[in-house]
Amino acid sequence: MIPASHIMIFSMILFTVGMLGVLTRRNAIIVLMGIELMLNSANINFIAFSRQLGDMAGQIFGIFTIVVAAGEVAVGLAIIIALFRNKDTINIDEIDIMKG
Amino acid sequence: MEASAIVFYTLASMAVVSAVMVVTRRSAVHAALFLVLTFFCVAGIYIVLSAEFLAAVQVLVYAGGVMVLYLFVIMLVPLQARPLKPPVRHVAGSLLLAGLLAASLISYFWNATPSATAREMGYPPAGGGNIEAVGMELYRRYLLPFEIASVTLLVAMIGAVVLARKKV
């Protein structure tokens with residue numbers, strides 16, 4: 001049996017890589033991909049603890065995470081299309097009208 | 001080392017390498033294809049952790065639905081004329097932050113042994129398999145959250161249509 005700590009370390013690495021993508025990339029589409037990676041790593045933790053504790057609740061929450069991630073992608077990509085239509089760019093450094 | 005452990009470590013290292021490729025490739029299409037590879041590796045890990053239903057959902061929703069959406073948007077939004085290069089100071093700060101987070105949590109997890117271990121009964125469920133167990137739990141104890149999740153998806157769908165539609 002794979003120790004739960006190894007699964008947690010793996011999901012931690014995946015989360016960190018996704019976070020790096022969100023922080024360093026300037027293309028809004030790739031920032032969304034980084035968020036997907038982070039959600040996936042959280043899901044792996046849910047499954048790992050579900051197996052470790054012998055409780056199905058972790059898998060149910062994994063399904064809910066996937067539901068929320070699907071909604072997030074649909075709305076996020078729609079926002080990117082609306083941004084591109086209005087400002088002709090998806091570079092998140094140039095989209096700064098909310099900064100005041 | 002048993003077979004499932006070998007499969008897990010292989011899939012985990014593949015997933016990490018392709019995730020790094022996702023955040024480092026310059027072309028968005030390449031990043032999307034590496035993201036598919038990451039999703040497949042994670043689905044394989046779900047199977048190793050005996051969550052077969054979730055693995056199927058992962059492949060259907062992520063590799064099927066989400067990826068098509070991503071590729072459509074990448075094709076709709078033309079490639080940038082200027083390269084999108086972040087300033088070096090920014091990258092260094094992000095690397096430092098991510099490294100600190102990873103180092104602190106990994107050093108914690110390295111020696112952590114969760115107190116509870118898998119119970120004898122219940123997991124994996126006796127007879128019926130994973131899908132039946134998930135269904136029983138989902139439609140009995142989590143019925144209300146399940147219905148709320150469907151409303152969430154409806155709201156997300158309507159929101160996406162309203163946001164992306166052409167102004168008339």
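Biologist: Is B:Ala15 buried or exposed, and how many other C-beta atoms lie within 10 Å?

Modeller: A residue is called buried if 20 or more other C-beta atoms lie within 10 Å of its own, exposed if 12 or fewer, and partly exposed in between, with C-beta atoms placed from the backbone. B:Ala15 is found in helix 1 of chain B. B:Ala15 is buried because the number of other C-beta atoms within 10 Å is 28.

Biologist: On what conventions does this rest?

Modeller: The model is predicted: local features need pLDDT of at least 70, side-chain atom pairs count only at pLDDT 80 or more, and totals for chains, interfaces and linings use all residues. Residues are numbered from 1 along each chain as its sequence is written, while chains are lettered from A and ligands numbered from 1 in the order in which they are written.

Biologist: Which residue of chain A is in contact with B:Ala15?

Modeller: Contact requires C-beta atoms, placed from the backbone, to lie within 7 Å. Neighbours within four places in sequence are left aside; B:Ala15 then touches B:Thr38, B:Cys41 and B:Val42, and from chain A, A:Leu14.

Biologist: How many residues of each chain are in contact across the two chains, and how does the side of chain B divide by residue type?

Modeller: The contact involves 70 residues of chain B and 59 residues of chain A. Ala, Val, Leu, Ile, Met, Phe, Trp, Tyr, Cys and Pro count as nonpolar, Asp, Glu, Lys and Arg as charged, and the others, Gly among them, as polar. On the side of chain B that touches chain A, the residues are 55 nonpolar, 13 polar and two charged.

Biologist: What secondary structure does chain B have?

Modeller: Helices (H or I, at least four residues) and strands (E, at least two) are DSSP runs, numbered from the N terminus. From that end, the elements of chain B run α-α-α-α-α-α. The count for chain B is therefore zero strands and six helices.

Biologist: What radius of gyration does chain A have?

Modeller: This radius is taken over C-alpha atoms, and the globule rule is 2.2 Å times the number of residues to the power 0.38. The C-alpha trace of chain A spans about 50 × 25 × 20 Å along its principal axes. A compact globule of 100 residues would come near 13 Å, but chain A has 17 Å.

Biologist: What average pLDDT does chain B have?

Modeller: pLDDT is the predictor's confidence in each residue, from 0 to 100. In chain B, 85% of the residues score at least 70, and the average is 84.
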